[in-house]
Amino acid sequence: VTVEMKSSKVAIVRMNRPPVNALSKDLMHGLRRTICDLEDNDVKGIVLTSSSKVFCAGLDLAELLNPTQEFVSSFWKELQGLWITLYSSRLVTVAAVNGAAPAAGCMLALSCDYRMMSSKNVIGMNETKFGLFPPPWFVELMADTVGRRKAEMLLLQGTLLSTEDALACGMIDQIVE
Ligand SMILES: CC/C=C\C/C=C\C/C=C\C=C\CC(=O)SCCNC(=O)CCNC(=O)[C@H](O)C(C)(C)COP(=O)(O)OP(=O)(O)OC[C@H]1O[C@@H](n2cnc3c(N)ncnc32)[C@H](O)[C@@H]1OP(=O)(O)O
């Protein structure tokens, strides 16, 4: 995770784990630590974005291949901790979604106060496409953002929306070129 101060009050927080910013336990820990440190340093707002062409590919599936029970438990704790920290942060949080944002990548964006997204990208929770259903707090985030019926349809079908469709249903707030 890298931090660039745009002024004394606003920080750009970039996920920097090539190639796709898959959320490993370490990346989630780094993000949470960064947000907490900025909160402690009188910063007012952050822009969460990526230093590569993918915003975030969701959970690191490689780390979740044949994990020990202990690792799964600590991984899950880190994921919940990151979500709670970002979602409940006192900072004004803006997601600048500058690449694909599937699954937990979408969760990160939806946990922010405002979402801008570049065109020709995709965002959504596609978990059902590979036989999983998103955790309940992902579901609630989606329902709070686009409404319960729309969320139900998107989640059941594991839809990844284009930037334009995401704007149309309120999943994002602005398209930025
Ligand atoms: C503790 C938790 C325990 C259990 C969980 C149980 C219940 C929870 C239920 C569900 C929760 C799910 C949340 C998730 O986030 S799951 C992750 C879902 N993510 C995806 O489906 C995205 C998959 N990736 C893509 O679609 C694409 O890679 C892309 C659009 C993000 C980028 O496309 P590109 O064409 O630019 O890049 P690629 O060539 O496809 O990929 C490059 C490189 O990166 C690897 N990779 C991609 N995604 C992941 C990933 N999520 N984790 C790990 N690695 C990933 C990909 O394999 C390539 O690697 P190689 O270069 O081939 O080595």
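Predicted model: local features only at pLDDT ≥ 70, side-chain atom pairs only at ≥ 80, totals over all residues.
Author: Residues are numbered from 1 along each chain as its sequence is written, and side-chain values use heavy atoms, with hydrogens and water left out.

Reader: Why does Thr49 count as buried?

Author: Buried means under 20% relative accessible area, exposed over 50%, and partly exposed in between (1.4 Å probe, protein chains only). Thr49 has 8% relative accessibility, so Thr49 counts as buried.

Reader: What makes the link between the side chains of Thr49 and Asn98 a polar contact?

Author: A polar contact is a pair of N or O atoms within 3.5 Å; within protein, one must be able to donate a hydrogen and the other to accept it, and residues adjacent in sequence count only if both atoms are side-chain atoms. The Thr49 and Asn98 side chains are joined at 3.3 Å, so that's a polar contact.

Reader: And which polar backbone atom is 2.8 Å from a nitrogen atom of the ligand?

Author: One belonging to Ala57. There's also a backbone N or O atom of Ala104, 3.0 Å from a ligand oxygen, and a side-chain N or O atom of Asn126, 3.1 Å from a ligand oxygen.
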